[in-house]
Amino acid sequence: MFFVLVSIGRKARVNLPLLEEEINAGARAAAKNSLYRKSVVRDPLYDRTNTGNNLPCVIYYEMCDGENITISFLLKGFGSENCSGVRMLNPTAGEDEVVEAVTDIMRSAGGKPCPPVFLGIGLGGTMDKAAFLSKKALLRSGENPDKRYRALEERIRESVNTLPIGPGGLGGDNTCLGVAIETYPTHIAGLPLAVTVNCHAERRATVVVLGGYDGEA
């Protein structure tokens, strides 16, 4: 399934309906030309009829500085998605509780997400915001700019790699290839944590539209 994050510069020229139309058209063409398995159903519970084109995309929009529009795609398989999870930690939780919560989610996942995996982690906001952040984390390029969270990412990776899962669930030390954390302010009474599990096939791409998109460029 196509997860799409559209980061719109506050000074960008943008025609949102047309931009969304182009995103879906590009995803439709990619699914067809690359012979993707048709994997999306029209209704989640009752009418699980296949849409036949891997659409619609799951699109999120956010504002950012600048005048460009950055469109990031993550092709999300559900063998790993089904192993993702949310934990509403107590506000008194610290690093140890965060590490244990993520490790416990992977302990329950076992070999189902086709390890080795990449883990996107969202901390803060609300339950739904944390889940969004965990997807956004998987789109990040480069290391975490905050050295505290950079160290926490490594600590989580090391903890997950102590689990007897390994590649393909056959055992070994390489269950997790990488961890990325995104954060957001949260309420004094809670600490939302979300984990998106992604298999080793980390299929993602980014397109930058210089100056925005109003249908003329």
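Predicted model: local features only at pLDDT ≥ 70, side-chain atom pairs only at ≥ 80, totals over all residues.
Visitor: How many disulfides does the model contain?
Guide: A disulfide is a covalent bond between the sulfur atoms of two cysteines. Two cysteine sulfur atoms must lie within 2.5 Å of each other to be counted. By this rule the number of disulfides is zero.

Visitor: Which cysteine has the sulfur nearest to that of C57?
Guide: C57 takes part in no disulfide. Its relative accessible area is 11%, which places C57 among the buried residues. The nearest cysteine sulfur is 18 Å away and belongs to C199.

Visitor: How far is the sulfur of C64 from the closest cysteine sulfur?
Guide: The closest cysteine sulfur to that of C64 is in C57. The cut-off for a disulfide is 2.5 Å, and the separation is therefore too far for a bond, at 19 Å.

Visitor: Where is N54, and is N54 buried or exposed?
Guide: N54 lies in the loop between α1 (16-33) and β3 (58-64). Its relative accessibility is 6%. Since under 20% counts as buried, N54 is classed as buried.

Visitor: What is the phi of N54?
Guide: Most residues other than glycine have a negative phi. N54 is a residue other than glycine with a positive phi, near 65°.

Visitor: What is the phi of L35?
Guide: L35 is also found in the loop between α1 and β3. With 73% relative accessibility, L35 counts as exposed. The phi of L35 is positive, near 60°.

Visitor: What is the omega of the peptide bond that joins L55 and P56?
Guide: Most peptide bonds are trans. P56 belongs to the loop between α1 and β3. The bond that joins L55 and P56 is cis, with an omega of about 5°.

Visitor: What is the omega of the peptide bond from P115 to P116?
Guide: P116 lies in the loop between α3 (95-109) and β6 (117-125). The bond from P115 to P116 is cis, and its omega is near 10°.

Technical notes: Residues numbered from 1 in each chain as written. Heavy atoms only, no water. Buried < 20%, exposed > 50% of the residue type's maximum accessible area, 1.4 Å probe, protein only. Helix = DSSP H or I, 4+ residues; strand = E, 2+ residues; numbered from the N terminus.
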